[in-house]
Amino acid sequence: MSIDIKVLNIDQNYREEKEGKMMKCIIATEQKHFYDQVLVRKEVFIIEQNVPIEEEFDQHDREAVQFVVYDGDQAVGAGRFRIVDNKGKIERICVLKSHRKRGIGRLLIETIETYAMTNTDIDTLILGAQLQAMPFYERLGFQADGDIFLDANIEHRWMKKDIKKLISS
C-alpha cells in the first residue's frame, strides 16, 4: 500500500501553538522521520521504562506505518499502526516526559484513527495499553477487552474501539 499523505489535518483544538511553532503529527516518509521516532521510542521505552532494545525494535517496524509528532523541529511523540487479523493495531505510543499532558498523545491517537478510517477497510482498532495509561485511552473511546498480560515485563491490557460507528456517522 502506498502512502501519499505526509501531514494529516487534525481539528485545531488539538494543535498547540507555542512560540509560533505548531504541533503536528506526520507519517514518517523520510529517513529523518524514522530516525526521530526511534529516538523518542528509545528515550521513553528503553531508557525510562527499561524495555530491552531487542523487544522495542522488531520485525514489525518494517511493515508498520510510523507516526511522529513534532513540536516545531523537535520530535516529541511517536507511534505505529499496522493491520493484524483485520483489525487496526496501534502500537508503541509514546510521548517524551517533558511534553506529556499537552494533548500530544491525543493528537497521535486521533491522527492514527483518521489514517485508519481513510486508508483502510477495518472496523476495529486495538491496542495493548499499559495499565496506568488505560484512563487516557478510555477518554478517547477505547474499552478494556480481556485480561491483564505482561509485555516487556510491564502490565498491559487489551483495549478496542469500534471505528465503523465513527465512519458511518
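How many of the seven residues of strand β3 are buried? Let's look at this predicted model and find out.

## An enclosed strand

Strand β3 covers residues 65-71, and seven of its seven residues are buried, so the strand is largely enclosed by the rest of the structure. In a regular strand, side chains alternate between the two faces of the sheet. Here both faces are covered: Val65, Phe67, Val69 and Asp71 are buried on one side, while Gln66, Val68 and Tyr70 are buried on the other.

The partner to follow next is strand β4 (residues 74-84), which runs antiparallel to β3 and is joined to it by seven bridges.

## Aspartate 145 in β7

Another aspartate worth a visit is aspartate 145, found in strand β7 (residues 143-151). Its relative accessibility is 38%, so aspartate 145 counts as partly exposed, a value between the 20% and 50% cut-offs.

Leaving aside residues up to four places away in sequence, aspartate 145 touches Arg157, Trp158, Met159 and Lys160. Arginine 157 is 12 residues away from aspartate 145 in sequence, with 7.2 Å between their C-alpha atoms.

## Helix α4

Helix α4 has 16 residues (104-119) and spans 22 Å from its first C-alpha to its last, close to the 22 Å expected at 1.5 Å a residue. Its buried residues include Ile104, Leu107, Leu108, Ile112 and Tyr115. Glu110 and Glu113 of α4 are buried too.

Technical notes
Residues are numbered from 1 along each chain as its sequence is written. This is a predicted model: local features need pLDDT of at least 70, side-chain atom pairs count only at pLDDT 80 or more; totals for chains, interfaces and linings use all residues. Side-chain values use heavy atoms; hydrogens and water are left out. Buried means under 20% relative accessible area, exposed over 50%, partly exposed in between (1.4 Å probe, protein chains only). Helices (H or I, at least four residues) and strands (E, at least two) are DSSP runs, numbered from the N terminus. Two strands pair if DSSP finds at least two bridges between them. Contact means heavy atoms within 4.5 Å. The expected span of a helix is 1.5 Å times one less than its number of residues.
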